[in-house]
Amino acid sequence: MIGDLIHRIEKAPMKFPKVTVVLVSAALLFVLWDQTREQPDPIDASRLSNLRANPVELSAAVDWIFGQIPDFCSDVTGESSGATAQSDCVEKAEARTSTCRRMLYDRFPSVVASEAVFRDVSLTAMACLVPRSGIVN
């Protein structure tokens, strides 16, 4: 009986993986479609001024905050853009963006509808991106 099963397995032709090919093709088409569609305009600071009347998605607010990394690093290091310490700070902050982004999405609601929530998101993001240990104000 076992010998018969082994014989059948050895003789069985390998089937073409149709489902795998279809799923991989669909994933590639989605990636191509996503890259060719029009991207939304970046958000500017004036859009964040009246959040109670005009709330924003958390992802848009986080994108704007992360765009401010060079300014955060200039404030922390006390050096202008292009200085070695400031450049190192920017590099380290950009290396932490995915971790900080995930933490912010887990901790805050998907819509930022008040200045208090935006303040909390901003302060949490700055503390994550550019940690300031041992500094007392």
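**Note on a helix pair and the salt bridges**

1. Helix α6 passes helix α7 in a right-handed crossing. The model in which this crossing is seen is a predicted one.

2. The contact between the two helices draws on residues from both. From α6 come T97, C100, M103, L104 and R107, and from α7 come V121, T124, A125, C128 and L129.

3. Next, the geometry of the pair. Two packed helices are described by the angle between their axes and the distance between the axes. Here α6 covers residues 97-107 and α7 covers residues 115-129. Their packing angle is about 150°, and the axes lie 10 Å apart. Angles over 145 degrees count as roughly antiparallel, and α6 and α7 are therefore roughly antiparallel to each other.

4. How many salt bridges does the count come to? The count is three. As background, side chains of opposite charge can pair when their charged atoms come close. The cut-off applied is a side-chain nitrogen of Lys or Arg within 4 Å of a carboxyl oxygen of Asp or Glu. The pairs are taken one by one below.

5. R101 pairs with D63, and the closest N and O atoms of this salt bridge are 2.8 Å apart. R101 belongs to helix α6 and D63 to helix α3 (residues 58-66), so this pair ties together parts that are 38 residues apart in sequence. R101 is partly exposed, at a relative accessible area of 25%. D63 is also partly exposed, and its relative accessible area is 43%.

6. D34 and R37 form another salt bridge, in which the closest N and O atoms are 2.9 Å apart. Are these two residues buried, partly exposed or exposed? D34 has a relative accessible area of 28% and is partly exposed. R37 counts as partly exposed too, at 42% relative accessibility. For both, the reasoning rests on the cut-offs: under 20% is buried, over 50% is exposed, and partly exposed lies in between.

7. R119 forms a salt bridge with D120, and here the closest N and O atoms are 3.4 Å apart. R119 has 45% relative accessibility and counts as partly exposed. D120 is partly exposed as well, with a relative accessible area of 33%.

Notes
Residues numbered from 1 in each chain as written. Predicted model: local features only at pLDDT ≥ 70, side-chain atom pairs only at ≥ 80, totals over all residues. Heavy atoms only, no water. Axes fitted to C-alpha atoms, helices over the stretch in contact; angles between N-to-C directions. Helix = DSSP H or I, 4+ residues; strand = E, 2+ residues; numbered from the N terminus. Parallel < 35°, antiparallel > 145°, perpendicular 65-115°, else oblique. Left-handed = near helix turned anticlockwise from the far one by under 90°. Contact = heavy atoms within 4.5 Å. Buried < 20%, exposed > 50% of the residue type's maximum accessible area, 1.4 Å probe, protein only.
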